[in-house]
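Let us walk through this structure step by step. Keep the sequence and the 3D view at hand.

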Amino acid sequence: MFDIIITTYNRPIRVLNLVHQLRICEGLDGGSIIIVDSSEEVNNDLVSMGGVKYLRSSHKNQPYQRYLGYKASSSEVLLFLDDDMQVIDKFFLSKLKVIFEDTTINGVAIKFNNKHDNP
């Protein structure tokens, strides 16, 4: 139904944790997790992970990375996430799927909880 695009730069553990969290969520249903990585080092854990499209970019520019993710997707619905996010509801993908089954909806704004300790 949809693809998830995550851009990352030098946060190999965080992006790997997010991918693991997404893989146990209900509702991905054959969609892809697309990682666009501009890090100095290749994340070999993601390169070899099934169900993940791992792309490298020499441009350290999030809008450009998101564009590359869009170009790698064949889905009609895209979900862009940051690499430092955490999943707090393993059913959120199923809930989004229900929303997008309504053909009158073209886009949504999702409320994210910010749990950062720094100001």
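The second largest pocket holds about 270 Å³ of space. Of the 15 residues that line this pocket, five are closest to its centre: Glu 76, Val 77, Leu 78, Phe 100 and Asn 106. The model is a predicted one, and the pocket volume is a computed value.

How is space of this kind found? A probe the size of a water molecule is rolled over the atoms, and this shows where empty space is left.

What kinds of residue make up the lining of the second largest pocket? Ten are nonpolar, three are polar and two are charged. Strand E4 gives the largest share of the lining, with three residues. E4 and helix H4 each supply at least two residues.

Now turn to the sheet. Four strands form it, and it is open. Their order is E3-E2-E1-E4, and the pairing is parallel. Which strands stand at the edges of the sheet? They are E3, residues 52-56, and E4, residues 77-82. Each has a single partner strand, so one side of each is left without a neighbour in the sheet. From one strand to the next, the twist averages 20 degrees.

What holds such strands side by side? Strands of a sheet pair through backbone hydrogen bonds, either parallel or antiparallel.

Look at the pair E1 and E4. Strand E1 covers residues 2-8, and six bridges join it to E4. The two strands run parallel.

Helix H1, residues 12-23, touches E1, E2 (33-37), E3 and E4. The direction of H1 makes about 165 degrees with that of E1. Helix H4 packs on the sheet as well, touching E1 and E4. The direction of H4 makes about 145 degrees with that of E4.

Is Ile 99 buried, exposed or partly exposed? Its relative accessible area is 33%, so Ile 99 counts as partly exposed, between the limits of 20% and 50%.

Which residues does Ile 99 touch, not counting those up to four places away in sequence? They are Ile 105 and Val 108. Leu 68 is another matter. Leu 68 and Ile 99 are 31 residues apart along the chain, and their C-alpha atoms are separated by 26 Å.

Methods: Residues numbered from 1 in each chain as written. Predicted model: local features only at pLDDT ≥ 70, side-chain atom pairs only at ≥ 80, totals over all residues. Heavy atoms only, no water. Buried < 20%, exposed > 50% of the residue type's maximum accessible area, 1.4 Å probe, protein only. Contact = heavy atoms within 4.5 Å. Pairing = 2+ DSSP bridges. Axes fitted to C-alpha atoms, helices over the stretch in contact; angles between N-to-C directions. 1 Å grid on protein atoms, 1.4 Å probe; cavity = no way out; pocket = protein on both sides within 12 Å on 5 of 7 lines; lining within 4 Å. Points joined across faces, edges and corners; volume = space filled by probe spheres on them. Nonpolar A, V, L, I, M, F, W, Y, C, P; charged D, E, K, R; others polar.
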